[in-house]
Each structure stands twice: as structure tokens, then as C-alpha cells.
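Me: Please take me through this structure by question and answer, starting with its helices and strands.

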Amino acid sequence: MNQGTEPTGGSTRRQLLRAAAIGGTAAAAASLLPAPAAWADTRARGGSQYVAGVDVLPDTSHATSALAAHIRGYYQAKSDRNLAWQSSYFSHRQTTYIDAILGWHWYTWQDLHDGLATFYPKWPKDSKSYPTRILGDTTSAILFFTDTPGMFGPGQVRNAGAVNFNRQGKIERWVDYWDSRQFGVSSWRKEQEPPNQWPTDFRESTVGETASPLMRRVAADLADALRRSDIASAMDLFSSDAVFEDVPAHIQITSKASIHAYLTKAGSVLPYVGAGTGVRHMLGNDVGGGYEWTAVNSPVPRGITGIELDPWGRIERFTAVWNGAYADDALLTLLAREAIER
């Protein structure tokens, strides 16, 4: 991209991320910056929105109140284009941000800061980023959130972010997963990183496995059963009224019996089921979290699964997010057709 020329027709995600190579400076923040007074006053007046101007409250039923409160300001800062406030959420000592769909990656606080600085001037005036579901705690979490049209391409982008925090609450690793069919397959193909520039290390080793023992056991047992295509063992982990969601396939199935039937029929073509699948990283606490996964034998190489647990440690909601652009129309049609109960 010619860095001296502003893109026409709205900035694309690739162009914005390319611009991160432009240098910049910023003072280091010792701790999270407080919310600007104007935002705090707006909240005090009793609006119900999690982000000002957005009539959406996130589902925080499987997150700690500390996480819900801590991450609230992050999305307001992003929506307000408040660079100092948003940047203050990330660790200066260690920062990783990876877009697992485009392959873009930043490995220092300064690079991420400079990238954010190039985003804001290109966004529509009414841009908003807001969470819809929050899983986990202030150690590690999966954050489901929406970026409104124009922020990263022409369409709305619905993300699942795998996030690790340090003991001071600073973000040390953030990896986003989303379905580029919402964004436009042709745009995804144009904007993704060339194969030889994709990150080969998603840097999960820099933060370690800090998910709670219960979440780690459930995620590991589920991933192992799915890898072996042992659907019966996988279903032993689900509650009787569980909900199964596959975001790119636009499928939501309710009840353990119906989920069992679907996985039995569709398991051979689901990217997170079968030989070659594995766990990259686990996140969350005893009520919510999940795991990032890889699939070496599938056209879909990676994704993330959100898991919500009931009071007895059984899965009551399963949400898979992966890039549907890797699947052709025939596969997506097959996945939808197998959801029809006969």
C-alpha cells in the first residue's frame, strides 16, 4: 500500500494493519488509565448499555464480576478511539496480538499501539465495538464481541477473542477468531497475510496454561473424545439441555440427544472433530472459557470453541468459531442439512 495515499471507498482491514509499520511514540502507563470523566458521567446517569450508544448488554452469566467490570472500559475506549485508555489495557513487558483469520500479528506493546493509532482516523464516526458474551475471569477469558461495519471492512465482524491477563490485569496475549464470510470472502483473500508471513507460533507458551483445573479437564476430555470421533464419550460431558452452536454453519441445536445425533452424522466433516485435531490453548474458569484448536487434516486449520459449564461441571453451551471461507458452499450446505432431524 502507498502509505501516503488514503484508501478510497473505506479502509480495509489489511490496509489498516499494514499501516502499523508507521512508527509512533507514547508514554508508558504504569496502570490502567481511569475512564474519562465524560464517560463516567454518562454511566452514572443510568444508561443500560455496556458501551455508550449501544443497546446491547453482554451475557456475563459465565464470567466473574471482576472480569465483566475490568473489560468494560476496554470496549468503551476502543469505541471512543481513546488510544491512551485502550493501550493501557495491554502489558508493556509482554504483548501478543494475532488475528488468526488474516495472519496479522504484533509482538510488542509499541507495535500494537502504533497499529491502533492508524485505525481510528479511518473508522466511521458512529463506530462501536461491544461485547456480547464474556466467559472466564481476569486470568484468562474468551470474549465474544462485535465490531460494527466500516471498522474492519464493509461488514459487521463478530469475533471470539482468546485473552490472557497478567496478575496486574494487563493483557499479555489476545488472539481473535471470526468467520470471514460475514466480511466477504474476496476481501479476506485479498487482505490475508501471504503464506510465508503467517505466524508459525501463536505464542501460547508465553502465558502458559492458566485456565482452572476444571475447565482444563473438560476441554481436554472433550477435545480428546472429538479427536477420536468418540461421540458417546463426548456427550457424557454435556448437560441434558445443552446448546450446540457452530457459527460459520449458522447452526444452533438444543438438547443432548439432538446434539448427539448431529455430531454422529456430521462429525466426519466438522473441522474440530477427527484425527489431526488438537488443543492449542485453554482459557477460563470453572463456569466459562474454552479452547483454541488446530486441525492438520482439515481445510480449516484452526478455530476456537467457547464452553459454558453448569453448576455440576457439565457443558451447557458449546460455541465453535472458525473461518467459513475455508469451507465451500457444498460443505456448509451439508453441515446445515445434517442438522435437520428426521
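Me: How many of the 11 residues of helix 5 (residues 109–119) are buried?
Reply: Helices (H or I, at least four residues) and strands (E, at least two) are DSSP runs, numbered from the N terminus. Buried means under 20% relative accessible area, exposed over 50%, and partly exposed in between (1.4 Å probe, protein chains only). Among the buried residues of helix 5 are Trp-109, Leu-112, Leu-116 and Phe-119. Helix 5 is mostly covered, and the number of its residues that are buried is eight.

Me: What kind of model is this?
Reply: Residues are numbered from 1 along each chain as its sequence is written, and side-chain values use heavy atoms, with hydrogens and water left out. Local features need pLDDT of at least 70, side-chain atom pairs count only at pLDDT 80 or more, and totals for chains, interfaces and linings use all residues; this is a predicted model.

Me: Which residue of strand 7 is the bridge partner of Asp-99?
Reply: Strand 2 (residues 96–99) pairs with strand 7 (residues 171–178) in the parallel sense, over four bridges. In strand 7, Asp-99 has as its bridge partner Asp-176.

Me: Why is strand 12 (residues 302–309) said to be largely enclosed by the rest of the structure?
Reply: Arg-302, Ile-304, Gly-306 and Glu-308 point one way from strand 12, while Gly-303, Thr-305, Ile-307 and Leu-309 point the other way, and all are buried. Strand 12 is largely enclosed because its buried residues number eight of eight.

Me: Which residue takes a positive phi in the hairpin of strand 12 and strand 13?
Reply: Strand 11 and strand 12 run antiparallel and are joined by seven bridges, one of them with Gly-290 as partner of Gly-306. Strand 12 also pairs with strand 13 in the antiparallel sense, over seven bridges, and Ile-304 has Val-321 as its partner in strand 13. Five residues lie between the strands in the hairpin of strand 12 and strand 13, and the one with phi near 80° is Gly-313.

Me: What is the relative accessible area of Arg-81?
Reply: Arg-81 is in the loop between helix 3 (65–79) and helix 4 (83–87). Its phi is positive, near 55°, in a residue other than glycine. Arg-81 is partly exposed, with a relative accessible area of 24%.

Me: How much space lies in the largest pocket?
Reply: On a 1 Å grid over the protein atoms alone, a cavity is a set of points where a 1.4 Å probe fits but cannot get out, and a pocket is an open set with protein on both sides within 12 Å along at least five of seven lines; lining residues have an atom within 4 Å of a point. Grid points are joined across faces, edges and corners, and a volume is the space filled by probe spheres set on the points. The largest pocket is lined by 14 residues, with Arg-133, Phe-144, Arg-158, Val-247 and Thr-319 nearest its centre. The space in this pocket is about 270 Å³.

Me: How much space lies in the second largest cavity?
Reply: The count of cavities of 30 Å³ or more comes to two. The space in the second largest cavity is about 40 Å³.

Terms used:
Pairing = 2+ DSSP bridges.
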